[in-house]
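Have a look at the sequence and the model, then read on.

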Amino acid sequence: MSALKIKKGSSKHSAYNLRPQFSDVQETHTLAVIVDNEPGVLARVIGLFSGRGYNIDSLTVAEVDHTGHTSRITIVTTGTPQVIVQIKAQLGRIVPVHEVHDLTVEGPSVQRELALLKVEGEGDKRVEALRLADIFRANAVDSTLTSFVFQITGTPEKVDAFADLMRPLGLCEMARTGVAALSRGG
């Protein structure tokens, strides 16, 4: 104890606050990055993540303005709050990056993903696969005597739930587009 009877680190107003301000809670964030549509930009953005050991859960890229030659990169990543802040700051410093938006923090957003799932099976399994596809509003976009290819659109959680139900029915292959997201409102 000090002469002033103040315990070290006991007050958040102390100039000598020794309590750690870091959180070890992992959060998932969706980032929308507007960049110039030119060769090497995606490699620079991905290089930022791989060079620092950050993981990308989902990545989608497409040109959004043909006249302005800009593209939108939507990245879903997981990290501590400090890592997310660092990722956003470092993305903003890359030269061809115009804007970085954290859709998770900025307010409500709409997120959708497209997936194609190939399910092989016969008899009752085929009937059950079609019944579940109808419940999930998935479309059969290809059909043979032994398999279906279903197309499903929705949140990543919906796609995961559909895939989990299709596994015991013969899910043998899946392709996912990754998350496309936009903020809601004005």
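Is Lys118 buried, partly exposed or exposed? Lys118 is partly exposed, since its relative accessible area is 30%, and partly exposed covers the range between under 20% for buried and over 50% for exposed. Keep in mind that what you're looking at is a predicted model.

**Salt bridges**

Lys118 has a partner: its side chain meets that of Glu173 in a salt bridge, with 3.8 Å from N to O. This pair ties together distant parts of the chain, with Glu173 sitting in strand 8 (residues 171-176) and Lys118 in strand 5 (residues 109-120), 55 residues apart. Glu173 is partly exposed too, at a relative accessible area of 48%.

How many salt bridges are there in the structure? There are six. As a general point, side chains of opposite charge can pair when their charged atoms come close.

Next up is a pair inside a helix. Glu128 forms a salt bridge with Arg131, and their closest N and O atoms are 2.7 Å apart. Both belong to helix 3 (residues 124-135), and because they are three residues apart there, about one helical turn separates them. Glu128 counts as partly exposed at 27% relative accessibility, and Arg131 is partly exposed with a relative accessible area of 43%.

Then there's Arg176, whose side chain meets that of Asp160 in a salt bridge at 2.6 Å, N to O. Arg176 is partly exposed, with a relative accessible area of 33%, and Asp160 is partly exposed at 34%.

| Pair | N to O distance |
|---|---|
| Glu173 and Lys118 | 3.8 Å |
| Glu128 and Arg131 | 2.7 Å |
| Arg176 and Asp160 | 2.6 Å |

**A nonpolar patch**

Away from the charges, which residues make a nonpolar surface patch of about 200 Å²? Leu42, Leu59 and Val61 do. One of them, Leu42, lies in helix 1 (residues 41-51). Leu42 counts as partly exposed because its relative accessibility is 35%.

Terms used: Residues numbered from 1 in each chain as written. Predicted model: local features only at pLDDT ≥ 70, side-chain atom pairs only at ≥ 80, totals over all residues. Heavy atoms only, no water. Salt bridge = Lys/Arg side-chain N within 4 Å of Asp/Glu carboxyl O. Helix = DSSP H or I, 4+ residues; strand = E, 2+ residues; numbered from the N terminus. Buried < 20%, exposed > 50% of the residue type's maximum accessible area, 1.4 Å probe, protein only. Patch = residues over 30% accessible without salt bridge, like charges linked within 9 Å, V, L, I, M, F, W, Y side chains within 5 Å. Areas by Shrake-Rupley, 256 points an atom, 1.4 Å probe, with all protein chains shown as cover.
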